[in-house]
Amino acid sequence: MNTTKMPRSSHTFTVGWLYPDLMNIYGDRGNILTLLKRAEWRGYEAKLVELGRGTVNQMDEVDVFFFGGGQDREQALVYEDLLEFKQPPLERAVNSGAGVLAVCGGYQLLGHYYQTAEGERFPGIGMIDVRTEAGKKRFIGDVVVDADIDTLNPKTLVGFENHSGRTFLGPKARPLGKVRLGNGNNGSDKTEGCLQGTVLGTYLHGSLLPKNPHLADYLIRSALIRRGVDELSPLDDAVEMAAHERILQRAQHQHR
Amino acid sequence: MSSTPSRRNRKSAARKTAAVLAGKATGALSRATRRGGGTTLPGDVARAIDPKILTKLAADLTYGSIVITGTNGKTTTARLISYLLEGAGHRVVSNRAGANLIFGATAAALNEAAPTGTLRADWGVFEIDEASLPKAVEEIKPKITLVLNLFRDQLDRYGELESIAKKIEQALAAMPDEAVKILNADDPRVAEIGLGLPATPLWFGLDDASVAATELPHAADARTCPRCGASLIFTAVYVGHDGNYHCPNNDFARPTPTMTARNIKLDGFDRFAATIDHQRLEVPLGGLYNTYNVLAAFAVAKSLGLESDYIAERLKDFSAAFGRQERLEFRGRHLNLVLSKNPAGFNETLRTAVELAKGTSFLIALNDRKADGTDVSWIWDVDFEQLKGSATVVVPAGTRAHDLAVRLKYAGVPAAQPEIDPGKALDLLIKMTNDGDTAHLLCTYTAMLDLRAELVRRGWAKPYWET
C-alpha cells in the first residue's frame, strides 16, 4: 500500500492561466471557465492559478495551461517574461504530462518564430514545431474544423478566427484538423491548429471550449491520464451542443 | 484650359445643390417605403454626387460643430449636448439615430438642409464612430472634439484597441491648437492620447470613492503603463478600466481633471444626482456610465458659454435616446430597454439592473450582424455571474441566443430556452414575468432594433425616427 505517495490530491484539477491580465483579448475566460466547471461538475476540486508577469508559483501543480491571445503591445511585454521566467517550468510540466491549450498569440509564441512583413523575426520559445509569418489579409470569421483526434466525438470543432499570421507546421507537429469553413493556420493548406504531445495550438476562439465541450473533455482527460484517470463521467451537454449545431447549420450557407 | 475661380465656385455650389436634392429624395423615399428612417443611405447618394458635401454643409453652420467619439455613451452624450443647445434657443443639426459613420453624419446634415442646398442651423452635433474620426474631423472641422472612453469593442470590425487609439491620436493631432479637445482623464488610454497633444486638453473625471470599486473587472483593457509597461495601480475603478490610476514607477498617472463629478447618488435606472463644477444636478438617467455622459456634456456646454444653473434646470427633464434606456408598458409589465453592446457597457447595465434597480426578470439579446460585431466571444468577458441568485427569469435571445445560453450556464445562472425569434422571445418574457414587475431587456445594437421593430409592430412603441 502506498496511498500516502499519491501525487497531491487525486481530486484536484488545476488550470494555469498564463498572463491573464495581458493575454485575454478574445473572451479567453470562456476557455478557463469551461475547463474549471467541467472538472467541478465531475467532483474535482477545480483550482485556477493565475500566472502573471514575474511569477512561477505552483506551475508544477498545473494540469492544463491556457495561453491566450493579446494585442501587439502586450505580446511584447509577455515575450520577455516568458523567456526569463516561465519557459523552464512550463517545459518541465509538459514533459511530465501537463496539457497546454494555446490560442492565437499564445500559439504563435510557443512556436519557433514570428516573422513580420518587413522580414524581422521575433523568436518564440520553440516548444512546438511551428513558424508564423505575417500575412497581408486578416482572416476574420466563423471556422468549422474536422478534427483529427480519434477519441473526439463529434469530430467537428467550431469557432471564430481573427488573425493575420500565417502558421506553418514542421514535421514534429501535426494538424489539429482540416478546415471545412474558414482559413485556419495559413489559408493555403487547409490545416488548422497543431498537436504536439500534450500541447494543442489553435487559431479558434469564440470562445473555443464552451461550444466544443468534447474538446474541453479531451484536454482534461489527457492531463489526468498521468494520475490514472481513464474515463471522465458523462455530462449533459445539450445546451453546449445546441450552440455547436447552430454554427454547423449556418456554415452550410456560408462561403468564405 | 482651367476654369476661372468664380466659375469653379458656381460649379461647386451647383454640385452641392444637386447632392442635397438627391440625398433628400433618397431619404423621403426610404421613409415612405418604410425601409427605416433614411438615416444613412441619403448620405451615400449625396457623397457620390459631391464628395465634399459634408465639408460644404458644415461650413454653412452659424457657429460650427461638436464631434463626440468613444466606445460607449456617444449617442446619449450627443443628445444631451443637442438638448442643452436647443433649450438655449439654438438650432441644432445632429445624427441622432446612432448612424455614426461619415454617411450618417452627411445624411443628418442633408436632412436639415434647404432644397437650395444651404444648411440653416447654428450648431452641428455629431457622434462619430472611433474608426471614422480622422475623416470626420477633416471634413467637419469641429470647434470641439470630445473623447469619452476607449473600451474593447467589436475586434472583428475595428481590429485591436491600439489601432483605434492610434486613429483618435492621429485625428486630434491633425486639428489646430485653437480647436477645443475635451478628454476623459479617468481612461488610461484616452489620457495617454491627451498627454501627447501639444496643448493641454480639458480633462474631466469622476471623484467619488463611494461609487468606486477597488478592483478592475476582468474585461479591463488598458492596464499597463504606456512608458514602462508596468501594471497600473488603481485606487478607484468606476466603469471598465476608467478610474484613478498611477504607474508604480511614477512614469504615468491620471491627469488631474478640471471638471469633476462628486457626491454621486445613484438611483437605479431612474436618476442620479451629482455635483459638477459646484453645481448640484439631478438627471433622470441611471447608472454610473450616464454620470460620465452628463459630466462630458456639462464640460462641453460650459465651454460653449452656457450657465451652470441653466444646465441643471434643463437636465431635470432629459429623456434618453430610443433603446438607450427606454421605458415601455405592456399588459401591466414595465419593460426597460437598455443598449448593452460590449463588456464594459454590459457590466455596468447589469450592475445597475441587479444592484440598484433590484431587477429579477431579464431578456438578453445578442446579435452578430455587422453593426453588433460578428465575433461574439466578448460575452465571456461580461460578468453575467452578477445575475446569479437574483434573477428569476432570464430569456436568452437574438441570432446568437444559443451562445448566450451556454454563457449563462457556465455563469451558474438558470436560463429559459434560447429564442432566436424576437417575437417569441418577447412572448416568453411576458409569460414568465409577473404582472406589475419590471423586465430589463439588455441588447446589442441590431438586437435592440429587432426587438423594437417587434414592439412597434405590436403597437407598444413608436418608430425610432419619431422618438
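Me: What makes the largest set, 117 residues, a nonpolar core?

Reply: Its members are buried (20 or more other C-beta atoms within 10 Å of their own, C-beta placed from the backbone). A:Leu35, A:Val64, A:Leu219, B:Leu363, B:Ala365, B:Val394 and B:Leu441 have the most contacts inside it. Helix 5 of chain A (213-224) gives the most, seven residues. A separate second core has 87, including B:Ala46 and B:Leu172.

This is a predicted model: local features need pLDDT of at least 70, side-chain atom pairs 80 or more, while totals for chains, interfaces and linings use all residues. Residues are numbered from 1 along each chain as written, with chains lettered from A and ligands numbered from 1 in written order.

Me: What is A:Leu35 in contact with, beyond its neighbours within four places in sequence?

Reply: A:Val15, A:Val64, A:Leu209, A:Ala216, A:Leu219 and A:Ile220. Contact is C-beta atoms within 7 Å, so each of them qualifies.

Me: Why are strand 2 and strand 11 of chain A called edge strands?

Reply: Strand 2 (45-51) and strand 11 (194-196) each pair on one side only. The open, mixed sheet of six strands is ordered 2-1-3-4-12-11.

Key. Pairing = 2+ DSSP bridges. Helix = DSSP H or I, 4+ residues; strand = E, 2+ residues; numbered from the N terminus. Core = buried A, V, L, I, M, F, W, Y, C linked by C-beta atoms within 7 Å. Buried ≥ 20, exposed ≤ 12 C-beta atoms within 10 Å, placed from the backbone. Contact = placed C-beta atoms within 7 Å.
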